[in-house]
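Hi,

Here is the structure I promised to send over.

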Amino acid sequence: MFDRYEAGEKAVLVHIDFADDERREDLTELQLLVESAGANAVGTITGSRNAPDRKFFVGSGKAEELAAMVAGTEANVVIFNHALSPAQERNLEMLCLCRVLDRTTLILDIFAQRARTHEGKLQVELAQLRHMSTRLVRGWTHLERQKGGIGLRGPGETQLETDRRLLRGRIKSINRRLDKVDKQRQQSRRARSRSDLSTVSLVGYTNAGKSTLFNALTSSDVYAADQLFATLDPTLRKLELKDHSVILADTVGFIRHLPHDLVAAFKATLQETRNADLLLHVVDCADENMGENFEQVQNVLEEINAKEIPQLIVCNKIDLLETVKPKVDYNDEGVPIRVWVSAQQRLGFELLADAIEQLVGDKVAEFTLKIPAASGHYLGQFYRLEATQSQEYDELGNCILSVRLPESNWKRLLKQSQGELESFIIG
């Protein structure tokens, strides 16, 4: 086995164009990811295929070209803009004699660099361990089989089995600690719900300017930089509007084909998005891929069950466009749907504040429901949302429940019940 490098400064990038939209990636985005990870791209291999090669992903000829470029540039890491199987990684490492990373591993590495809080570090470690669990065979081939003889007899399991057992134990331990974090966040959300403060969550593609906008609106000093995934840990601040206040949450940016391990690991963080009353979808309107990035964010929101939450599109970075001025776009009903601002130049903030206030201002749903005993499971949902005002039972065992909750939460419950809750309304 060759010596496996722990880190790489010189990187060769590999990008393949596929006819299938599901496999297609953006080379410019890969270059930004590599730059964010701290590596220096010294060469790029491009090509096109209908489907990945089973052995090398890129085909034997392109693999030989890749190995020659690695040797010529003295690169010590190869980074693919695609997801590789463990076997493909291992075959490419043996051919190129350097470390090979795929897109998922690169994103995980950036997340590991950016994590600052204890919770963020736990979430990143969990995602890394889940990803690593499928790749344990790499670099351990000399310990895959048991050996006989004096000093070589062991407890009855191979090194690979020992690693898997230790990995499972560590994953369980992290999950228990993250469950505690999730319960603490639930308590905080219940406290905010009792205070009748609406929550507005910033979402959007990575590097769209969410943290810069967050700092400008709330006079905070959250880390903001022109790089991908500058923000990992959610930050909450109170935002004072004209007539009342809201809680503004800055969250992790999304990216196309966000690794599922990350979505699962950041469950507690993404909960802030799922429980928001309004989403500010920040878009970099100066980006030529604005439309594609918008769709990718919508896909992730659907994946985390946040697609039904009302959205206000915030078109950021208008200072980079000569002909665009701060303005608000309304739909046919006079409801704001899009605001054009510049977080860097602090343009259009009053328009944005007015639009937020119009969308979350007084939209509170109040009902009295008669819930039959057979549908008692709905009571728990209202209690979790801290929406119960009073509760009593009639002679038939029906629960007469008075509730008060944000209209967005009511619409979400209504959809989940497939309209059944509406039939219980009596006042």
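N293 counts as buried, because its relative accessibility is 8% and the cut-off for buried is under 20%. Bear in mind as you read on that this is a predicted model. N293 sits in helix α10, which covers residues 290–303. Which residues does N293 contact, once its neighbours within four places in sequence are set aside? They are Y205, R256 and D287.

R256 turns up again when you look at R103, which touches R256 as well as E25, E29, L33, F80, N81, H82 and I255, again not counting residues up to four places away in sequence. R103 belongs to helix α4. With a relative accessible area of 3%, R103 is buried too.

Now for some context on the whole chain. It has 427 residues, and 49% of them count as buried. You will find 13 helices and 14 strands in it. If you take the contacts between residues at least 6 apart in sequence, 69% of them join residues at least 24 apart. D277 is in the loop between α9 (267–274) and β8 (278–284), and with a relative accessible area of 11% it is buried.

Next, helix α1, residues 27–37. Its buried residues are E29, L30, L33, V34, S36 and A37. As background, an α-helix has 3.6 residues a turn, so residues three or four places apart point the same way. The cover over the buried residues of α1 includes β1 (10–18), β3 (77–80) and α4 (103–114). Just past the end of α1, G38 takes a positive phi of about 95°.

On the α1 side the contact is made by E29, L30, L33, V34, S36 and A37, and on the α4 side by R103, L106, I107, D109, I110, Q113 and R114. Sorted by type, the residues of this contact are 7 nonpolar, 2 polar and 4 charged.

The crossing of α2 and α3 is right-handed. From α2 the contact takes in A63, E64, L66, A67 and V70, and from α3 it takes in L92, L95 and C96. The residues of the α2 and α3 contact divide into 7 nonpolar, no polar and 1 charged.

Last, two backbone details in loops. F57 has a phi near 70°, which is a positive value in a residue other than glycine. You will find F57 in the loop between β2 (40–49) and α2 (60–73). R346 also has a positive phi without being a glycine, in this case near 55°. Its loop is the one between β11 (336–340) and α11 (349–360). Are these two residues buried or exposed? F57 counts as buried, with 4% relative accessibility, whereas R346 is exposed, with a relative accessible area of 53%.

Cheers

Conventions
Residues are numbered from 1 along each chain as its sequence is written. This is a predicted model: local features need pLDDT of at least 70, side-chain atom pairs count only at pLDDT 80 or more; totals for chains, interfaces and linings use all residues. Side-chain values use heavy atoms; hydrogens and water are left out. Buried means under 20% relative accessible area, exposed over 50%, partly exposed in between (1.4 Å probe, protein chains only). Helices (H or I, at least four residues) and strands (E, at least two) are DSSP runs, numbered from the N terminus. Contact means heavy atoms within 4.5 Å. Ala, Val, Leu, Ile, Met, Phe, Trp, Tyr, Cys and Pro count as nonpolar, Asp, Glu, Lys and Arg as charged, and the others, Gly among them, as polar. A crossing is left-handed if the near helix is turned anticlockwise from the far one by less than a right angle, and right-handed if clockwise.
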